[in-house]
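Subject: Structure handover

Hello,

Here is the structure I said I would pass on. My notes on it follow below.

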Amino acid sequence: MKNRFMKGFAAVAAVAFVTGLAVTPAHAAGEIVVWADETRGPNLAKVIAAKGDWVAGYTIKVVTYSSFDALKDAFDKASGTTGPDIVVAANDWVPTAAKSGKLAPVTLTASQKANFNATQFFDLSYKGKLYGIPVDINNVAMIFNTKLVSSAPKSFGDMVDYYKANKVSKNLKAGLCIAGGGMSWGAHSVFSALGADAYLMTKKGTVNTVQSFNPSVFGANVKKYLLDANGKSNGFFPASDTGCKDNFLAGTVPFAVIGNWEWKDYVAKGFEMNLMPVPSVNGGYGHMFGSVSGALLTTFADKHGVAAGAKSLLVNFFASGAGQAAYQAVEGRPPAAKEASSSTMLSAGQKGFGSAAALAGIPQIGAFLNNNKGGANYWDSAPAYWTAVLIDRKNPVIEARKLAAIWKGNVASGKSDL
């Protein structure tokens, strides 16, 4: 769950495949070359071919690689003569590729930036410079069963109250559970809704590297909403994701966090895509990880003499509502651009996940999450908290203090890698 990009983009191109690897033709004059993997590439090519004037005076060729790994291997080995002008890749490629000099900075106007959530640029930036355009989002959101709940809950407390009032009569197995993303990645929005974020983000999309969450507030909220008078789990939020999806589909759980890679499973069972972030205890929303894939500008474009055209393609196609809507109508992922999120070309599932990310998404920052200098990495410490409090019945405030110290230490040691 640390990066769900791994299957992705592709497009049309005059490309031959030999033993699973693409053979890249030489660059032609006035030709912008885009590299992508085996699933995104054909979709990109189809959309770009349908409207051939995204960049006047240039032709666009999309080179498709046989897998994401093959794409990365080719880009790692690329040179000025063989490399692409734009590569559609995972956000975690940016630091290494920027340091190696293979990526070129991208400059957007204020209006162009306003078409995206500010935190999405964090995913594609290194040392304060932006290197690409956010293309699509990988996130979770909460869905509710309208046969049990008539309208969207306004706060975390509303959900808990419903569960307590209907637990016996409706034979509920839980109130809110994690169906997609696991108890680390998928459950971050529950942590956040109760007052604990892995790192604190400002509205401008930067990280507060000094402070951590308030463990006393978070621990008190866990005690109030998730425990009974004896300090035992009240059953509202399970410490494990086991059985969550099946229980929700069976109608014995009213609220569930699901992933944007599985929304069609719920549509097939007749559920509405009434997606939203997990409501917080104060009426706001809990933050979910919303990492993005990106269309990254390379320094090779300048060597090929098509830097101006490549930049125009990034702006006119990848950064535009029209371009992202047309592409995601084929690809089926939630678009990153706000202008595309309401397009009639998109499904209710895509719109719902995109809206949830715009409201409460934060970037997935590996420098902090994968770090264990604070005592343990995020991926291990997060589910360990739920086990300690909801199963082992340890004090939620004391355990929260330990967790806050771990996460604060990881941020402090990881900030130099941003």
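The side chains of Ser381 and Trp407 are joined by a polar contact of 2.9 Å. This is a predicted model, and the distance, like the others in this message, is computed from it. Ser381 belongs to helix H17, which covers residues 378-391. The side chain of Ser381 also has a polar atom 2.9 Å from the backbone oxygen of Asn377. Not counting residues up to four places away in sequence, Ser381 touches Ala376, Leu403, Ile406 and Trp407. With a relative accessible area of 6%, Ser381 is buried.

Domains

The protein is divided into two parts: domain 1 takes in 26-138 + 291-362, and domain 2 takes in 140-289 + 371-417. Their C-alpha centres lie 32 Å apart. In terms of contacts, 22 residues of domain 1 meet 28 residues of domain 2. The area buried between domain 1 and domain 2 is about 1800 Å², and carbon and sulfur atoms give 72% of that area. On the domain 1 side, Asn138, Phe353 and Ile362 lose the most area to domain 2, together 39% of what that side buries.

The elements giving two or more residues to the side of domain 1 that touches domain 2 are helix H5 (118-123), strand E8 (132-138), helix H15 (348-360) and strand E16 (361-362). H15 provides the largest share of that side, 9 residues. Sorted by class, the side of domain 1 that touches domain 2 has 12 nonpolar, 9 polar and 1 charged residues.

Asn260

Asn260 sits in the loop between E13 and H11. Leaving aside neighbours within four places in sequence, Asn260 is in contact with Ile137, Asn138, Asn139, Pro334 and Phe353. Two of the residues in that list, Asn138 and Phe353, are also named above among those that lose the most area to domain 2. The side chain of Asn260 reaches the backbone oxygen of Ile137 at 2.8 Å, and a polar contact of 3.0 Å joins the side chains of Asn260 and Asn139. Asn260 and Pro334 are 74 residues apart in sequence, while their C-alpha atoms are 7.7 Å apart in space. The relative accessible area of Asn260 is 9%, so this residue counts as buried.

Salt bridges

How many salt bridges does the structure hold? There are 10 salt bridges in the structure. Three of them are described here.

Arg333 and Asp136 meet through their side chains in a salt bridge, 3.9 Å from N to O. This pair links distant parts of the chain, 197 residues apart: Arg333 is in the loop between helix H14 (321-331) and H15, and Asp136 is in strand E8. Asp136 is at 2% relative accessibility and therefore counts as buried.

Glu262 and Lys245 form a salt bridge through their side chains at 3.2 Å, N to O. Glu262 lies in the loop between strand E13 (255-259) and helix H11 (263-268), and Lys245 lies in helix H10 (residues 244-249), so the pair ties together parts that are 17 residues apart in sequence. Are the two partners buried or partly exposed? Glu262, at 6% relative accessibility, counts as buried, whereas Lys245, with a relative accessible area of 23%, is partly exposed.

Glu399 forms a salt bridge with Lys402, and their closest N and O atoms are 3.1 Å apart. Both residues are in helix H18 (residues 396-414); because they are 3 residues apart there, about one helical turn separates Glu399 and Lys402. Glu399 has a relative accessible area of 12% and is buried, whereas Lys402, at 46% relative accessibility, counts as partly exposed. Elsewhere in the chain, salt bridges that share partners join Arg40, Asp136, Glu331 and Arg333 into one network.

Regards

Terms used: Residues numbered from 1 in each chain as written. Predicted model: local features only at pLDDT ≥ 70, side-chain atom pairs only at ≥ 80, totals over all residues. Heavy atoms only, no water. Domains from an automatic or database assignment. Contact = heavy atoms within 4.5 Å. Buried area = accessible area lost by both parts, 1.4 Å probe. Helix = DSSP H or I, 4+ residues; strand = E, 2+ residues; numbered from the N terminus. Nonpolar A, V, L, I, M, F, W, Y, C, P; charged D, E, K, R; others polar. Salt bridge = Lys/Arg side-chain N within 4 Å of Asp/Glu carboxyl O. Buried < 20%, exposed > 50% of the residue type's maximum accessible area, 1.4 Å probe, protein only. Polar contact = N/O pair within 3.5 Å; in protein donor to acceptor, adjacent residues only side chain to side chain.
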